Amino acid sequence: MSSRAITRRGALVALLATGACGFTPALAPGAATFALRDSVTVTAPDTIPGFAIRSRLQERLGRATQPAFTLTISLDQALDAAAFSQAGDALRYNVVGAAGWQLTTADGTTVGQGQVEGFTSYSATGSTVATQAAATDAIGRLMVILGDMVVADLMLLDLPQ
């Protein structure tokens, strides 16, 4: 018997066992993320990072046509020097960030809340303009990471139908 047949058989058994335990895909109809699709108004700070995370969340959850939920985001970020030259100049920076989130229904009932954290890095070895562009890009990447982590947390919620 080939190992390929055992692998296929094992995969089939695993698939059947997963269905028998009540598993439903996170993006399937009836799942939390599906219930949130096009029904969440996202509020975030009126800053460049706030715009970036709001855009990412709207990309993942859709724009609210008939909002049933409000997702409120608060942001915090810090800049840490990560590498130095022999002369003491910073060569690399870490942008560390956190996003607090709260999901509420239209009547103000809190359905879920939490905080996610992440970081990105950028190099400061180029010109001033290149370093600033790298910093802006790093903040944008961080907001994508944080937005995706918020959506992952939202998938775990037991939402009212």
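The largest nonpolar core of this predicted model has 26 residues. A nonpolar core here is a set of buried Ala, Val, Leu, Ile, Met, Phe, Trp, Tyr and Cys residues joined through side-chain atoms within 4.5 Å. Buried stands for under 20% relative accessible area, exposed for over 50%, and partly exposed for what lies in between (1.4 Å probe, protein chains only). Leu71, Ile73, Trp101, Leu103 and Leu154 have the most contacts inside this core. At least two core residues each come from β1 (40-43), α3 (48-61), β2 (69-84), β3 (90-105), β4 (110-123) and α4 (128-155). Helix α4 gives the largest share, eight residues. Helices (H or I, at least four residues) and strands (E, at least two) are DSSP runs, numbered from the N terminus.

Residues are numbered from 1 along each chain as its sequence is written. Because the model is predicted, local features need pLDDT of at least 70 and side-chain atom pairs count only at pLDDT 80 or more, while totals for chains, interfaces and linings use all residues; side-chain values use heavy atoms, with hydrogens and water left out.

The chain as a whole has four helices and four strands, in the order α-α-β-α-β-β-β-α from the N terminus on. Of its 161 residues, 31% count as buried. Contact means heavy atoms within 4.5 Å. Among contacts between residues at least 6 apart in sequence, 60% join residues at least 24 apart.

Leaving aside neighbours within four places in sequence, Leu103 is in contact with residues including Leu36, Val40, Phe69, Leu71, Val111, Leu154 and Leu159.

Strand β1 runs parallel to β2, and four bridges join them; two strands pair if DSSP finds at least two bridges between them. Within β2, Phe69 stands opposite Val40.

What does the side chain of Thr120 reach? Thr120 is in strand β4 and is buried, with a relative accessible area of 6%. Its side chain comes to 3.0 Å from the backbone oxygen of Ala138. This is a polar contact, a pair of N or O atoms within 3.5 Å; within protein, one must be able to donate a hydrogen and the other to accept it, and residues adjacent in sequence count only if both atoms are side-chain atoms. Beyond four places in sequence, the contacts of Thr120 include Tyr93, Val95, Ala138, Leu142 and Ile145.

Tyr93 also takes part in an aromatic pair with Tyr122, which is stacked at 5.5 Å centre to centre and 25° between the planes. Rings of Phe, Tyr and Trp (its six-membered ring) pair if their centres lie within 6.5 Å; planes under 30 degrees apart count as stacked, over 60 as edge-to-face and the rest as tilted. Tyr93 belongs to strand β3 and Tyr122 to strand β4, 29 residues apart. Tyr93 is partly exposed at 22% relative accessible area, and Tyr122 is buried at 7%.

Arg56 lies in helix α3 and counts as buried because its relative accessible area is 18%. Not counting residues up to four places away in sequence, Arg56 touches Val144, Gly147 and Asp148.
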